[in-house]
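Hi,

Here is the structure I promised to pass on. Have a look at it first, and then read on for what turned up.

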Amino acid sequence: MVKVRSFKGFLPKQALASQIVSPPYDVLNTEEARALAKGNETCFLRVSKPEIDLPQGTNLYSPEVYAKGRENLMLFRNQGWIREDSEERMYIYMQKMQGREQYGIMAMASVEDYENGLIKRHEFTIKRKEEDRTKLSDVQNANLGPVFLTFKGGEEIEKRMMEIVKKTKPYLEVHGHDDTDHVLWLCSPEDSAFLSKAFEKVPATYIADGHHRAASAFNVGKMRREAAKAQGRTLTGNEPFMFFMAIHYPSTNLKIMDYNRVLRSLNGMSSQEFLSKFGESYDIQPLEAGGDPKPRKKGECSLYIDKKWYRCNVKAGKVDHTNLVKMLDSQLLTDLVLTPVLGIQDIRSDERIDFVGGIRGLRGLVKRCDEDCVAAIALYPVQLDELMNIADAGMVMPPKSTWFEPKPRDGVVCRCFD
């Protein structure tokens, strides 16, 4: 069963919350972050992407970047822009996008649970990105943003969470730059103790998003644990470095969006030749006039080519029902079309393919085809049960298979070790 604990979070000054709360570091590149933070000295991107306060061209992985991150974090603390809470507690964080709300509990997750497989993963990390976040977390002595976790069951947790929301005035309400609302409630110590006890009945949690954050938090905890052992200290497992900040969402609160593909090249084929090859594995029909091209079910995708939409259903006998990963629509497309027809061996590195998150809608696919691509393929979204089943089996999801929205913001709560 998982260990979930209260902590003393650092909270944004209420009057400055809308200026501080920022998009997560990994959805923006350096120039986008620099532009978003321009003219706002309290933007939390100065802490989570500190290179924006260094000269352009600075090596993103240089010691100066990590030192600047620590300097900026301490500036935020010393200026009172973020302040340590008065007592240990849990926090409830709600995000609202396009009328849909999702609620989660922000608390400490256990490094030992991660190490022992009770916090389950479904994708590999990229070594350099993992090392980057590990160094920043270690130098800053902090968890700047939460790992995005989910869990099955836990009805009493969800019930108590919503009771707290109804009876408690929010600590902050922020309207994000992308039309999302972010609301934070502070749990009482009594409610926090109840929730911690209730989580002891939850057998496992699952990383929905934030594998690099989780891996870096584990790395820092492991380094500090080994250093403490080398000093001869007796460890209880409850040391601060043995926990990291995470949002725990009941699975009923989450929705996975589609993650779609666009093609810059057809590997020398004409559109008709590509359609013919595609049709060897999928039954293809032109979309009826006025029809909605959005895929309607598992095993169905939609192809946009030559300014026309086609509905494509995988043929019987093409699906390996003995393998959870090979049953996913994203993997079917790779195995049946992208690799054998287009010669794309690694979708993460091949420049002939790109990816468009479902948040941009199917119009985003048409736009890319008008600009720099020759075809687009819309996929049916992965279901959360599929993700959990793959994680339970110790398997790995295909790259670029899940897109979660809305994403938790950085700066709503952060956790400092000192």
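How many cavities of 30 Å³ or more does a search of the whole structure find? The search comes up with four. Before the details, some ground rules: this is a predicted model, so to speak of local features we need pLDDT of at least 70, side-chain atom pairs count only at pLDDT 80 or more, and totals for chains, interfaces and linings use all residues. Residues are numbered from 1 along each chain as its sequence is written, and side-chain values use heavy atoms, with hydrogens and water left out.

**Cavities**

A cavity here is a set of points, on a 1 Å grid over the protein atoms alone, where a 1.4 Å probe fits but cannot get out; lining residues have an atom within 4 Å of a point. Grid points are joined across faces, edges and corners, and the volume is the space filled by probe spheres set on the points.

The largest cavity has a volume of about 170 Å³. It is lined by 16 residues, and the closest to its centre are Asn143, Leu144, Gly145, Arg213 and Ser216. At least two lining residues come from each of α6 (127–140), β7 (142–143), α9 (211–230) and β12 (243–250), with α6 giving the most, four residues. (Helices are DSSP runs of H or I with at least four residues, strands are runs of E with at least two, and both are numbered from the N terminus.) By type, the lining of the largest cavity divides into eight nonpolar, five polar and three charged residues.

**Aromatic pairs**

Rings of Phe, Tyr and Trp (its six-membered ring) pair if their centres lie within 6.5 Å; planes under 30 degrees apart are stacked, over 60 edge-to-face, and the rest tilted. Tyr259 sits in strand β14 and Phe355 in strand β18 (residues 353–357), so the pair ties together parts that are 96 residues apart in sequence. Tyr259 and Phe355 are both buried, where buried means under 20% relative accessible area, exposed over 50%, and partly exposed in between (1.4 Å probe, protein chains only). The count of aromatic pairs comes to 13, and Phe44, Phe76 and Trp81 form one aromatic cluster.

**Val47**

Val47, in helix α3 (residues 45–48), is buried, with a relative accessible area of 0%. Leaving aside residues up to four places away in sequence, Val47 touches Gly69, Asn72, Leu73, Phe76, Leu136, Gln140 and Leu144 (contact means heavy atoms within 4.5 Å). One of these, Phe76, belongs to the aromatic cluster, while Leu144 is among the residues closest to the centre of the largest cavity.

**Ser302 and Tyr310**

Ser302 lies in strand β16 (residues 300–305) and is buried, at 1% relative accessible area. Tyr310 lies in strand β17 (residues 308–314) and also counts as buried, at 12%. Apart from residues up to four places away in sequence, the contacts of Ser302 include Pro293, Trp309, Tyr310 and Ala376. The C-alpha atoms of Tyr310 and Pro293, 17 residues apart along the chain, are separated by 7.6 Å.

Most residues other than glycine have a negative phi, and most peptide bonds are trans. Which residues go against that here? Asp179 has phi near 65 degrees; it is in the loop between β9 (172–175) and β10 (181–186) and is exposed, with a relative accessible area of 57%. Asn267 has phi near 60 degrees; its place is the loop between β14 (259–263) and α10 (271–278), and it is partly exposed at 40%. As for the peptide bonds, the one from Glu405 to Pro406 is cis, with omega near -5 degrees, and Pro406 is found in the loop between β20 (403–404) and β21 (415–416).

Cheers

Key
On a 1 Å grid over the protein atoms alone, a cavity is a set of points where a 1.4 Å probe fits but cannot get out, and a pocket is an open set with protein on both sides within 12 Å along at least five of seven lines; lining residues have an atom within 4 Å of a point. Ala, Val, Leu, Ile, Met, Phe, Trp, Tyr, Cys and Pro count as nonpolar, Asp, Glu, Lys and Arg as charged, and the others, Gly among them, as polar.
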